[in-house]
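Please consult the sequence and the structure shown below alongside the text.

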Amino acid sequence: MNTFIEFQDVSFSYHTVSGETPALHHINFSVNRNDFVAIVGPSGCGKSTLLSMLCGLIRPEYGSIKIDGIPLSGKDLTSIGYMLQKDQLFEWRTIEKNILLGLEIQKKQNPESLAYAQTLLKTYGLSDFRNAKPSELSGGMRQRAALIRTLVLKPELLLLDEPFSALDYQTRLNTANDIGNIIKKEHKTAILVTHDISEAVSLGSQVVVLTRRPATVKRVIPVQFPSGLTPLERRNTPEFKTYFNLIWKELTEHA
Ligand code: ADP
Ligand code: MG
């Protein structure tokens, strides 16, 4: 197997003036290229902490993270894209200018990257909104714009930290569906952190179930659906309910 990212026995505690907060406890799991790994766990268990480690903001106190077999401190990931709960679009820039922001900052604006940005805008239905301000777009479209802004930079890995949790229920289903389809179509490796079991099952190729803080890996569940199903279509299958119940049981056991 072509293992891309490997968490090996990773532990971490936050140290503050008020004391020590153990966040991660001997975490093991791996991610292959083109995987969509969904990490589920209760609020405050340490999910965002895992993502902070991948982008090198904090280092494991114990254990290691390997990228293509090389410890993270030696080989940093060349590019990581983020999608967060807030889309972080700038209101004083048009959608197009927001999408080009990363290229501008990284001085990567060239005919090829600009053309790619236009292709993404067109493919994912935002061409007509290129001159609009973020406030003129719906919440779901804004998240799509945020994803395109990230994809323009051709990241090796996408980290999604509860990206749909600020949206109302119906928008959340549709946006998750859109984003899942885009990530699949662009052949990206993604790690999604969520406390929403349905979201994890509808999007993931693998679900990592974490316990309460300090997070340990309760179980890793490979998720298989008939190929070609969209995240929304997955929700209407009998397998969906089976996975949901399985994960629910893992999360609530001994909780
Ligand atoms: P999750 O994303 O699963 O909700 P986090 O990874 O954000 O959880 O946080 C895990 C635990 O670590 C929480 O109890 C949180 O309060 C604590 N924590 C997070 N960041 C810090 C920090 N910078 N300093 C101290 N404690 C923190
Ligand atoms: Mg979090």
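V40 has T194 as its bridge partner in β8. The structure is a predicted model, in which local features need pLDDT of at least 70 and side-chain atom pairs count only at pLDDT 80 or more, while totals for chains, interfaces and linings use all residues. Residues are numbered from 1 along each chain as its sequence is written, chains are lettered from A and ligands numbered from 1 in the order in which they are written, and side-chain values use heavy atoms, with hydrogens and water left out.

- Strand β3 spans residues 36–40, and five of its five residues are buried (under 20% relative accessible area, with exposed meaning over 50% and partly exposed in between; 1.4 Å probe, protein chains only).
- F36, A38 and V40 are buried on one side of β3, and V37 and I39 are buried on the other.
- β3 runs parallel to strand β8 (residues 189–194), to which five bridges join it; two strands pair if DSSP finds at least two bridges between them.
- Four bridges pair β3 with strand β9 (residues 206–210), also in the parallel sense.
- Within β9, Q206 is the bridge partner of V37.

**Arginine R93**

- R93 is located in the loop between β6 (80–83) and α2 (95–99).
- The relative accessible area of R93 is 10%, so this residue counts as buried.
- The side chain of R93 reaches the backbone oxygen of K97 at 2.6 Å.
- Not counting residues up to four places away in sequence, R93 touches N98, L101, E104, A132, K133 and P134 (contact means heavy atoms within 4.5 Å).
- R93 and A132 are 39 residues apart along the chain, and their C-alpha atoms are separated by 8.6 Å.

**Arginine R142**

- R142 belongs to helix α5, which covers residues 139–151.
- The side chains of R142 and D87 are joined by a polar contact of 2.7 Å (a pair of N or O atoms within 3.5 Å; within protein, one must be able to donate a hydrogen and the other to accept it, and residues adjacent in sequence count only if both atoms are side-chain atoms).
- Beyond four places in sequence, R142 touches D87, L89, P134, S135 and L137.

**The chain overall**

- The protein chain has nine helices and ten strands (DSSP runs numbered from the N terminus: helices are H or I, at least four residues, and strands are E, at least two).
- Buried residues account for 49% of the 255 residues in the protein chain.
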